[in-house]
Amino acid sequence: MAQRLATEYVKTTLQMTEQQLNQFLHSAESCHVHPYVKVLDGGGQEIVLEDESGEAVHLPLERKGPLYICELSCRLVNPHLTNAVRKLFVACKGDGIVNRIYQGFTMMYYYEKGSVRKIAEVTTSQSKLVYEYKHTAGELQRMFQLTAVEQEISRLYQDINFWLDERNKAVTPEQIAVIDQKLRLTTHKWFALEA
């Protein structure tokens, strides 16, 4: 099995409540990482995750209402830091691209709200799609709409039969003209849907 060389977070965004932030800060110790919150000039904050070896990653925080927003781009090599950021990313349902870099290739994971939407394997010569999320509910809705068209065609066919019967019963030219107009409109809709 290939050994990961590094993990890159590319333009990722995390949103967390104060409670989620506090839970993460308390749980980070179990990843052999020492977290602390640093207050910056102008009132901004950042989470600093420091490994036992002294390597650190800085996660800038911006407060927007009840949420803390963290926009992150970084490259991590240390397994403890990588694991801590991964846990935070999944817990906060992050968005963005996470590259897992191996010798000779990179696996690109595209996340939306903490879920993988697409995975691609990238080498110097090619890019190959490995996985892509299919919106099954959307596909089912689209298929249902296709059956709705079939039902509309069936209803129009019944309407055409009804107006043909009415035309056979009609006695005055005015009645025939009105029925013929309705037949023209109904058959036009029917042919459009059949196409």
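E152 and R155 are partners in a salt bridge, with their closest N and O atoms 2.7 Å apart. That pair belongs to a predicted model, so please read every value here as computed from predicted coordinates. The model contains an open sheet of 9 strands with antiparallel pairing, and two helices, helix 1 and helix 2, lie across strands of that sheet. Salt bridges number 10 in the structure, and a few of them are walked through below.

- E152 and R155 both sit in helix 3, where 3 residues, about one turn of the helix, separate them.
- E152 is partly exposed, at a relative accessible area of 27%, and R155 is also partly exposed, at 37%.
- R155 has another partner in D159, and the closest N and O atoms of that salt bridge are 2.7 Å apart.
- R155 and D159 are 4 residues apart in helix 3, which means that about one helical turn separates them.
- D159 counts as partly exposed because its relative accessible area is 26%, a value between the 20% and 50% cut-offs.
- Through shared partners, the salt bridges join E152, R155 and D159 into one network.

- The side chains of E18 and R63 meet in a salt bridge, at 3.6 Å from N to O.
- E18 belongs to helix 1 and R63 to strand 4, so this pair ties together parts that lie 45 residues apart in sequence.
- Both ends are partly exposed: E18 has a relative accessible area of 40%, and R63 has one of 45%.

- Strand 2 (33-39) and strand 9 (127-132) are the edge strands, each pairing on one side only.
- From one strand to the next, the twist averages 20°.

- Strand 2 pairs with strand 3 (residues 45-51) in the antiparallel sense, over 7 bridges.
- Within that pairing, Y36 stands opposite V48 of strand 3.
- Strand 3 and strand 4 run antiparallel and are joined by 6 bridges.
- E62 stands opposite I69, a residue of strand 5.
- The hairpin of strand 4 and strand 5 has 2 residues between the strands, and G65 there has a positive phi near 65°.

**Helices across the sheet**

- Helix 1 (residues 18-27) lies across strand 1 (4-17), strand 2, strand 3, strand 4 (56-64) and strand 5 (67-76).
- The direction of helix 1 is at about 145° to strand 1.
- Helix 2 (residues 79-91) lies across strand 1, strand 2, strand 3, strand 4, strand 5, strand 6 (95-102) and strand 7 (105-112).
- Helix 2 runs at about 35° to strand 1.

**Around the loop from strand 9 to helix 3**

- V130, Y131 and Y133 make up a nonpolar patch on the surface, and their accessible area together is about 280 Å².
- Y133 is placed in the loop between strand 9 and helix 3 (136-169).
- With a relative accessible area of 38%, Y133 is partly exposed.
- K134 is found in the loop between strand 9 and helix 3.
- K134 is exposed because its relative accessible area is 58%, and the cut-off for exposed is over 50%.
- In space, K134 and R117 are 8.3 Å apart from C-alpha to C-alpha, while 17 residues separate them in sequence.

Conventions: Residues are numbered from 1 along each chain as its sequence is written. This is a predicted model: local features need pLDDT of at least 70, side-chain atom pairs count only at pLDDT 80 or more; totals for chains, interfaces and linings use all residues. Side-chain values use heavy atoms; hydrogens and water are left out. Two strands pair if DSSP finds at least two bridges between them. Axes are lines fitted to C-alpha atoms, for helices over the stretch in contact, and angles run from 0 to 180 degrees between N-to-C directions. Contact means heavy atoms within 4.5 Å. Patches are made of residues with over 30% relative accessible area and no salt bridge: like charges are joined within 9 Å, nonpolar side chains (Val, Leu, Ile, Met, Phe, Trp, Tyr) within 5 Å. Accessible areas come from the Shrake-Rupley method with a 1.4 Å probe; for residues, only the protein chains shown count as cover. A salt bridge is a side-chain nitrogen of Lys or Arg within 4 Å of a carboxyl oxygen of Asp or Glu. Buried means under 20% relative accessible area, exposed over 50%, partly exposed in between (1.4 Å probe, protein chains only).
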